[in-house]
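Have the sequence and the 3D view ready as you read.

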Amino acid sequence: MAAPIALAVSVNAPADRITDALSTSEGLASFWTTDSHAEPHTGSVARFGFGGPELQMRIDRLDDFPMPPGHWAETTVTWDLTQSGDGAEVLLQHGNWPAPIEQAELAATAYTWALILTALKGYAETGTPQPVFAATPHPEES
């Protein structure tokens, strides 16, 4: 089994602003993909559109986002926030990779997460949306 991807960043913003960015439709659309739909409660399903493929994450806990069956079957994404002075340390971990995962796929996923984490930092610190993916919503949602 491959080691988890682990990335960290210091964010000069209140932890509650970061939590809102990670758990609401508006927040997620401001740094990840503009086609984001989420509710900040256990049992909900967050949906992320990318102009074609759609990613759904079931929220088992507010700090643990298990991935759906498919490409990342059985993997988990965890965001941990630790208060630090006037800001917070954000640790993103993506783990539970299946054994037959290609190193190039892990590297590409880590790179994408680094872009997303950088955009989260920028959005939380400035309030200016800077989504990594500007997706077009599905026609039935327009």
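Two strands count as paired if DSSP finds at least two bridges between them. Keep that rule in mind as you look at this model, which is predicted.

Start with an open sheet of three strands, arranged in the order S2-S3-S4 with antiparallel pairing. Strand S2 (35-37) and strand S4 (54-58) are the edge strands, each pairing on one side only. From one strand to the next, the twist averages 10 degrees.

## Strand S3 and its partners

How many bridges join strand S3 to S4? There are five, and the two strands run antiparallel, with S3 covering residues 45-49. You can find two of the opposite positions yourself: Val45 stands opposite Arg58 in S4, and Ala46 stands opposite Met57 in S4. S3 and S4 form a hairpin with four residues between them. In that turn, look for Gly51, which has a positive phi of about 75 degrees.

Is S3 mostly covered or mostly open? It is mostly covered, with four of its five residues buried. As a general point for any regular strand, side chains alternate between the two faces of the sheet.

## A buried threonine in a loop

Now step back to the loop between helix H2 (25-31) and S2, where you will find Thr33. Buried means under 20% relative accessible area. Thr33 has 0% relative accessibility, so this residue counts as buried.

Which residues is Thr33 in contact with, leaving aside its neighbours within four places in sequence? They are Leu28, Phe48, Gly49, Phe50, Phe133 and Ala135.

## Aromatic rings

Next, look for the aromatic rings. A pair of them is described by the distance of the centres and the angle of the planes. The count for this model comes to five aromatic pairs. In one of them, the rings of Phe31 and Trp79 have their centres 6.5 Å apart and their planes at 85 degrees. Planes over 60 degrees apart count as edge-to-face, so that is the label for the Phe31 and Trp79 pair.

Phe31 lies in helix H2, while Trp79 lies in strand S6 (residues 76-84), so the pair ties together parts that are 48 residues apart in sequence. Are these two residues buried or exposed? Phe31 is buried, with a relative accessible area of 0%, and Trp79 counts as buried at 5% relative accessibility. Ring pairs also link Phe31, Trp32, Phe48, Trp79 and Trp113 into a cluster.

S6 and S7 form a hairpin with two residues between them. Look in the turn for Gly85, which has a positive phi of about 60 degrees.

Strand S7 (residues 87-95) also pairs with strand S1 (residues 5-11), in the antiparallel sense and over seven bridges. To spot this pairing on your screen, find Ser10 and its bridge partner in S7, Glu89.

Key. Residues numbered from 1 in each chain as written. Predicted model: local features only at pLDDT ≥ 70, side-chain atom pairs only at ≥ 80, totals over all residues. Heavy atoms only, no water. Axes fitted to C-alpha atoms, helices over the stretch in contact; angles between N-to-C directions. Buried < 20%, exposed > 50% of the residue type's maximum accessible area, 1.4 Å probe, protein only. Contact = heavy atoms within 4.5 Å. Phe/Tyr/Trp six-rings, centres within 6.5 Å; stacked < 30°, edge-to-face > 60°.
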